[in-house]
Amino acid sequence: VDAIKSSKYGKNVGVFAKDAYPGPFMTAWKGVLEKENFTQVDMSMGVAAIMSPKEDSELSIMKKACQVSVDIFNKYLKDQVMDIIDAEKKVKHAKLAEGVETALTDKKYVGNVDTSNLDMCYPAIIQSGGNYNLKFSVVSDKNNLHFGAIVCSLGARYKSYCSNIVRTLLVDPTDAIQANYNFLVDLEEELIKCLQGGKKLCDVYEHGVNFTKKEKPSLVDNLVKNFGFVMGIEFRESSLTIGPKTLAVARRGQVYNLNVGLSNLVNKEA
């Protein structure tokens, strides 16, 4: 505290406003700062702007993490889901998710990487049967897999760097559901073209909304609240989301988890 007071004007202290750190030390430290009446300045966006562009060596690690996520989905999870559907088995979402974590340690699925440096960014999420939540903080429930719209989310972390993949598997979809899916693919491609260095992230989001208004105006209210975020050692950099209020610009070397989705849709033919 004395060092803070002797630095510059001794009144401001940088904090990460949205982060809450547990433990008795942090609780005591927070209490000391509050007693001193320092002006707390949120440093989240500034630090994120410095740390988010990746060096070539970091990008190489992240590409390997991404490849692991893709391989786990293609070589393991997708085959498991297809087998369950073909054999009409009853398997719980949570059981499928547990299998993903086991597959992460199997060289048959993850290829030429050191499995001792692999773990999951979050427990795999499997959702079906009309009960969906498109946040990465949800947990797979104990309901059996429903052979309709199946949403699978997983992310491998390699040498501390994160990756992510989300895929929707449609079993005998209606024409309306298939059309919505095709629209989301088009929207994602449109966002990829727009997400360039120097572009404000809020403008990228607005571009996606305007594209939706033009192509599928009835779905505007069903769009997810943001179209993704910067990732790295942090799975989600909350100050760098592709959302309506993010004034930060995209920078060369950043890695984005780009995700589009529709929520609160009703299948009228179900």
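Author: One cut-off comes first. A residue counts as buried when its relative accessible area is under 20%, and as exposed when that area is over 50%. Keep in mind that the model is predicted.

Reader: Is Tyr 76 buried or exposed?

Author: The cut-off for burial is under 20% relative accessible area. Tyr 76 has a value of 12%. Tyr 76 is therefore buried.

Reader: What share of the residues of the protein counts as buried?

Author: The protein has 270 residues. The share of them that counts as buried is 41%.

Reader: How many aromatic pairs does the structure hold?

Author: Ring centres must lie within 6.5 Å to pair. By that criterion, the number of aromatic pairs is 8.

Reader: Which geometry do the rings of Tyr 76 and Tyr 109 adopt?

Author: Their centres are 5.2 Å apart. Their planes meet at 70°. Planes over 60 degrees apart fall in one class. The pair is therefore edge-to-face.

Reader: How many residues apart in sequence are the parts that this pair, Tyr 76 and Tyr 109, ties together?

Author: Tyr 76 sits in helix α4, residues 56–87. Tyr 109 sits in helix α6, residues 107–110. Tyr 109 is buried as well, with a relative accessible area of 14%. The parts tied together are 33 residues apart in sequence.

Reader: What kind of aromatic pair do Phe 183 and Phe 211 form?

Author: The distance is 6.1 Å centre to centre. The angle between the planes is 10°. Planes under 30 degrees apart set the class. The pair is stacked.

Reader: Which helices hold Phe 183 and Phe 211?

Author: Both residues are buried. The pair ties together parts that are 28 residues apart in sequence. Phe 183 lies in residues 175–194 and Phe 211 in residues 201–215. Those helices are α7 and α8.

Reader: In which sense do β1 and strand β2 pair?

Author: Strand β1 covers residues 12–15, and β2 covers residues 39–42. Gly 14 stands opposite Val 41 in β2. The two strands pair over 4 bridges, and the sense is parallel.

Reader: What is the handedness of the β-α-β unit made by β1, helix α2 and β2?

Author: Helix α2 spans residues 24–36. Together with β1 and β2, helix α2 makes a unit that is right-handed.

Definitions and conventions
Residues are numbered from 1 along each chain as its sequence is written. This is a predicted model: local features need pLDDT of at least 70, side-chain atom pairs count only at pLDDT 80 or more; totals for chains, interfaces and linings use all residues. Side-chain values use heavy atoms; hydrogens and water are left out. Buried means under 20% relative accessible area, exposed over 50%, partly exposed in between (1.4 Å probe, protein chains only). Two strands pair if DSSP finds at least two bridges between them. A crossover is right-handed if, with the strands pointing away from the viewer, the path from the first strand over the helix to the second runs clockwise. Rings of Phe, Tyr and Trp (its six-membered ring) pair if their centres lie within 6.5 Å; planes under 30 degrees apart count as stacked, over 60 as edge-to-face and the rest as tilted.
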